[in-house]
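Hello,

Here is the structure I said I would pass on. Please open it and keep it in view while you read my notes.

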Amino acid sequence: MSGAAEPSPEGEAEGRRLVLDIGGTKIAAGVCTPGQPSVRHRATRPTRPRRGGAAVVETALELAREVARKAGGPLAGVAAASAGVIDRATGTVVSATDLMPGWAGTALGPALAEALGVPAFVLNDVHAHALGEMRFGAGAGLRNALVAAVGTGIGGAIVAEGKVLFGPRDLAGHVGHVGHRLGEGFACSCGRDGHIEPVASGTGVVRLYRSRGGSHVNDGAELRRLADRGDAEARRAFSDAGAALGEVLGSLANCLDPEAIVLSGSLSGVGEYWWAPLRAGYRRQAMDPVRGVPLVRGTLGGDAPLLGALAYAAEFQEEECTR
């Protein structure tokens, strides 16, 4: 947590928090009330991460101020889900991949707290995503799950006995940086070779398609349109990417023994030409006791990290009050 001026009594009573989701493609914001799974006064802007960390923070602040004006009235705090490895105690981005150049070292929590005049809570976006789905979405009622967000990159979170596992370096759950043979020869955003992310994320499927001599496509959405129209090579890229990710998830299930695996992000909306190979890949690697673990699509969409950030801030504050 990053401290700032104490909120007014009205702000405490209101309990509303401004919530942010800062990803590699867009920044989303809204206002939420603890315990209520809804986001109001929504707004988004492109991240444009190539401008560097300081510019991304300024965009986030502009968006936060816009949403705060729309909401009116006092706020008890701000809760942010952010790309990168986050030091939750300070709200600082410890490290980030090449998808967010210049993001590492950004003191996001202090910047939000100083600019908005309320306490700021920051955690990794996929950890927040998992909290949202486990509290309010597809994982509600479960105690143990693996959550994978398959979008621009591939993020993940492990939920054990109702709690997200952060790890001593806040690194736990990085599903996209598990090795797989399909990724061999493809440089990952983390600087390594052979991880699943550079071939099975939204951008990764495009790279896989192009590496096989496919015609030029601008992004995953365009490739998906080709696949939806029946283009054989586009479908093969999605199929191979899905199967490889399924194998990774099967291997992880052998280690984690989850009740369910929740998948969200843009690729989770792709058709059966992705889902069927994903399930088959999972079954190939999963040991018999976990072979029947359901692979389910998240239900909250882009609201998951916003609601997860809200839940994290509320739970953190509650724990502080009981100490």
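Predicted model: local features only at pLDDT ≥ 70, side-chain atom pairs only at ≥ 80, totals over all residues.

Start with helix α6 (residues 202-211) and helix α7 (residues 220-228). Their axes come within 9 Å and cross at roughly 65°. The crossing is left-handed. On the α6 side, the contact is made by Gly-202, Val-205, Val-206 and Tyr-209. Gly-220, Leu-223 and Leu-226 make it from α7. By type, the contact residues are 5 nonpolar and 2 polar, with no charged residue.

Now α7 itself. Its buried residues are Leu-223, Leu-226 and Ala-227. Viewed down the helix axis, they fall within an arc of 100°, so they line one face of α7. They pack against α6, α8 (232-256) and α9 (272-285).

Both ends of α7 deserve a look. At the start, a side-chain oxygen of Asp-219 comes to within 3.2 Å of the backbone nitrogen of Ala-221. Just after the helix, Gly-230 has a positive phi of about 100°.

Next, Ser-201. This residue sits in the loop between α5 (197-200) and α6. Is Ser-201 buried or exposed? Its relative accessible area is 1%, so Ser-201 is buried. A polar atom of its side chain lies 3.4 Å from the backbone oxygen of Thr-152. The Ser-201 side chain also makes a polar contact with the side chain of Thr-203, at 3.2 Å. Beyond its neighbours within four places in sequence, Ser-201 is in contact with Val-150, Gly-151, Thr-152, Gly-153, Ile-154, Ile-196 and Leu-267.

Best wishes

Conventions:
Residues numbered from 1 in each chain as written. Heavy atoms only, no water. Axes fitted to C-alpha atoms, helices over the stretch in contact; angles between N-to-C directions. Helix = DSSP H or I, 4+ residues; strand = E, 2+ residues; numbered from the N terminus. Left-handed = near helix turned anticlockwise from the far one by under 90°. Contact = heavy atoms within 4.5 Å. Nonpolar A, V, L, I, M, F, W, Y, C, P; charged D, E, K, R; others polar. Buried < 20%, exposed > 50% of the residue type's maximum accessible area, 1.4 Å probe, protein only. Arc of directions from axis to C-beta. Polar contact = N/O pair within 3.5 Å; in protein donor to acceptor, adjacent residues only side chain to side chain.
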